[in-house]
Amino acid sequence: WKRQLILDFHSVLDRSDAPDDTCMSMYLNDELLLSNKDQNLYVPASLMKVATAAAALQEMGPDFTYTTRVYVEPSSLAYATDGVFEGDIWVVGAGDPVLNSTRYVGRYGVPEAFTNFGALVDDTHEYLSGRGFHTIQGRIYGDGSRFVDETDYLGQTIGGSSVWKANYVTTNLVGPLSGLLLNDGYSSYVASLSGADRRNRVRAEDPAQYTASIFDDWLEDHGWAITGIPRSGSAGDLGELELIAEIDSPPLSEILKRMLSRSDNTIAEMLFKEVGARRAGSSRVNAAGSVEAVLAEWMDVELGEISDLIHVVDGSGLSTLNEFTCDAVARILLQVGPDSALVNALSVAGESGSLKGCFLPIEANAVYAKTGSLNDVSALAGLSFADNGDVVTFSIIANQELIISAGLCSPLRLATLNAAGGYTYGPEGGTPEPVDTSGFDDIDGIRHEASIRALAAEGIAVGCGERLYCPDDPLTREHMAAFMARAFDLTDTASWSFADVAGQQYEQDIAAIAEAGITRGCNKAGTRYCPDDIVNRAQMASFLARALDISATPEGRFADVPTNDVHAPAIEAAAAERITLGCDDQGLLFCPESGITRAQLAAFLARALRL
């Protein structure tokens with residue numbers, strides 16, 4: 001089982017679309033099984049968010065909440081002459097990255113963790129109204145001084161290279177950053193999350209002032225009159241002020257779900273600055289050093305050595321100056337553990353987040369992972385969970401010019417997900433070492449060795465001579481019958497016979513698969529079987545589809561399989577079940593007329609039987 005797992009991940013690296021600059025690290029439980037350039041530093045893109053999330057959890061804990069508060073001067077509460085509140089109101093931010101209006105968060109269409117800004121306004125209104133006020137002779141101030149530094153990293157350089165590209169801001173890949181941030185800092189936005197609409201959002205020049213303005217507007221919607229113009233500024237010593245309202249954010253564990261599953265850059269940068277603010281300061285440089293320090297302590301690595309594993313520049317991974325080793329990412333996931341808030345916040349292949357459209361076979365293990373994508377970066381890291389408790393932890397980072405054009409669910413990314421999700425294992429309670437039960441001397445090191453050995457261990461594989469399997473020999477129809485009868489435990493042979501197989505070695509196996517409806521013979525009358533004919537890929541798909549009782553409506557998945565082809569439903573079903581991935585590296589062709597070898601049959605059957 002370990003060997004098959006290693007081979008499956010190796011096959012990802014062997015793909016033609018896997019760039020030379022690709023690292024990989026893969027663990028089964030705590031055991032490193034595969035490493036490929038995993039000590040080399042690569043640009044991780046949004047895998048940086050895994051490190052940011054880990055540092056935030058370590059620094060603050062999964063139950064941590066932000067609290068946004070509203071203060072006034074105590075003297076302003078003393079009298080309510082004619083309902084007039086004489087003084088200012090201070091809305092003091094705590095760096096909450098999910099402080100939103102219900103309209104803004106409603107764009108997602110599904111429930112998301114957020115802090116209801118409207119509820120804070122309502123509580124303020126209720127408190128002051130209860131004291132007889134309805135007019136404010138003063139103004140609303142927004143205090144974003146929790147983070148006193150830059151609102152983004154444009155114009156910053158390291159060694160002459162820009163930290164961020166200008167279009168990260170102009171296309172709103174990330175909002176402005178502030179200690180008081182409402183709706184990701186957008187003063188105008190559309191009620192949609194589509195990429196085209198993202199460009200139409202307008203960034204607030206002063207996020208704290210914008211928050212104060214919305215607070216002012218909503219109090220006026222309650223019927224209040226406010227004389228002053230909203231501004232931003234520091235409330236000063238909060239100990240001298242009176243707290244009149246406050247609202248807590250969801251716990252960090254819930255915020256991470258929104259950040260990681262949606263790969264939210266603004267949330268990531270806000271968490272990044274929060275870790276920095278607690279350690280050294282919220283500037284990008286201080287935050288970067290703080291995150292590295294937290295991870296070094298947590299991973300029990302000397303701070304001077306952490307740069308061999310990671311080089312942190314920002315919190316979201318937008319910067320191409322971030323650098324990670326594949327093993328560092330995998331080790332972070334190992335360190336947090338499979339039951340952690342970080343892992344629970346990852347996207348699930350075929351179900352949620354950035355991996356919702358990356359479908360795996362129904363029988364595949366659940367795969368939780370984080371994607372990373374920039375123009376020249378395709379990365380993926382996560383875990384898969386087997387029913388017996390085994391955990392596969394993996395990371396892959398590929399750096400190649402314009403690799404983003406391969407798409408979110410690129411063939412390389414899907415192959416990695418399938419390698420993780422397709423892991424098979426021994427009896428419940430453990431993963432035994434593979435045992436060589438094949439007795440074949442001609443399969444060592446070949447591509448489908450693991451599949452052949454798996455079939456042999458189950459008593460399915462049929463040899464071609466003493467201790468020989470003949471993996472490259474074409475598959476004949478009689479040998480196909482022998483494999484299929486053993487694979488599907490077929491024994492009922494009473495009422496079927498073909499004229500051209502009477503008395504031959506595999507007569508009973510051929511009769512058994514005919515009785516099971518797997519074959520109808522090779523002529524229209526059904527009287528001949530043609531045992532020596534070579535099986536092609538289209539025919540094999542139909543044999544397996546009948547044995548497994550599966551079919552699918554042809555949708556043109558393969559360019560060389562017409563949808564009206566008699567074998568098309570079976571080919572489509574076999575592909576959907578991941579029994580075959582096609583005959584080319586891109587998965588665009590099936591090569592239906594190509595004969596299959598005995599080794600290829602082993603791979604088909606091993607996948608079909610989940611061996």
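Predicted model: local features only at pLDDT ≥ 70, side-chain atom pairs only at ≥ 80, totals over all residues.

Q: How many helices and strands does the protein chain have?
A: The secondary structure of the protein chain comes to 19 helices and 22 strands, and the C-alpha atoms fill a box of roughly 110 × 50 × 45 Å when this is taken along the principal axes.

Q: What share of the residues is buried?
A: Of the 611 residues in the protein chain, 55% are buried. As for the surface, the protein chain exposes about 25,100 Å², and carbon and sulfur atoms supply 46% of that area.

Q: And which charges does the chain carry, positive and negative?
A: There are 43 positive and 85 negative side chains in the protein chain, and the centres of these two sets lie 5 Å apart.

Q: Changing topic, what is the strand order in the open sheet of 3 strands?
A: The order in that sheet is β4-β8-β14, and the pairing is parallel. The edge strands are β4, which covers 84–86, and β14, which covers 225–226, and each of these pairs on one side only.

Q: How many bridges join β4 to β8?
A: There are 3 bridges between β4 and strand β8, the latter made of residues 135–137, and the two strands run parallel.

Q: What holds paired strands together in general?
A: Strands of a sheet pair through backbone hydrogen bonds, and the pairing can be either parallel or antiparallel.

Q: Now the cysteines: how many disulfides are there?
A: The count comes to 4 disulfides, and we can go through some of them, including the pair Cys 358 and Cys 409, whose sulfur atoms are 1.9 Å apart.

Q: Where do Cys 358 and Cys 409 sit in the chain?
A: This pair links distant parts of the chain, 51 residues apart. Cys 358 is in the loop between β19 (347–348) and β20 (366–374), whereas Cys 409 is in the loop between β22 (391–399) and α13 (411–421).

Q: Is that disulfide left-handed or right-handed, and why?
A: The disulfide of Cys 358 and Cys 409 is left-handed, because the torsion about its S-S bond is about -90°.

Q: Are those two cysteines buried or exposed?
A: Cys 358 counts as buried because its relative accessibility is 0%, while Cys 409 has a relative accessible area of 26% and is therefore partly exposed.

Q: What about Cys 522 and Cys 530, how far apart are their sulfur atoms?
A: Cys 522 and Cys 530 form a disulfide with their sulfur atoms 2.0 Å apart, and with 65° about the S-S bond this link is right-handed. Cys 522 is partly exposed, with a relative accessible area of 30%, whereas Cys 530, at 11% relative accessibility, counts as buried.

Q: Which cysteine does Cys 583 pair with?
A: Cys 583 is joined by a disulfide to Cys 591, with an S to S distance of 2.0 Å, and this link is right-handed, with 65° about the S-S bond.

Q: And how accessible are Cys 583 and Cys 591?
A: Cys 583 is partly exposed, with a relative accessible area of 33%, and Cys 591 also counts as partly exposed, at 23% relative accessibility.

Methods: Residues numbered from 1 in each chain as written. Heavy atoms only, no water. Helix = DSSP H or I, 4+ residues; strand = E, 2+ residues; numbered from the N terminus. Buried < 20%, exposed > 50% of the residue type's maximum accessible area, 1.4 Å probe, protein only. Areas by Shrake-Rupley, 256 points an atom, 1.4 Å probe, with all protein chains shown as cover. Lys, Arg positive; Asp, Glu negative; His and termini not counted. Charge placed at Lys NZ, Arg CZ, Asp CG, Glu CD. Pairing = 2+ DSSP bridges. Disulfide = S-S within 2.5 Å.
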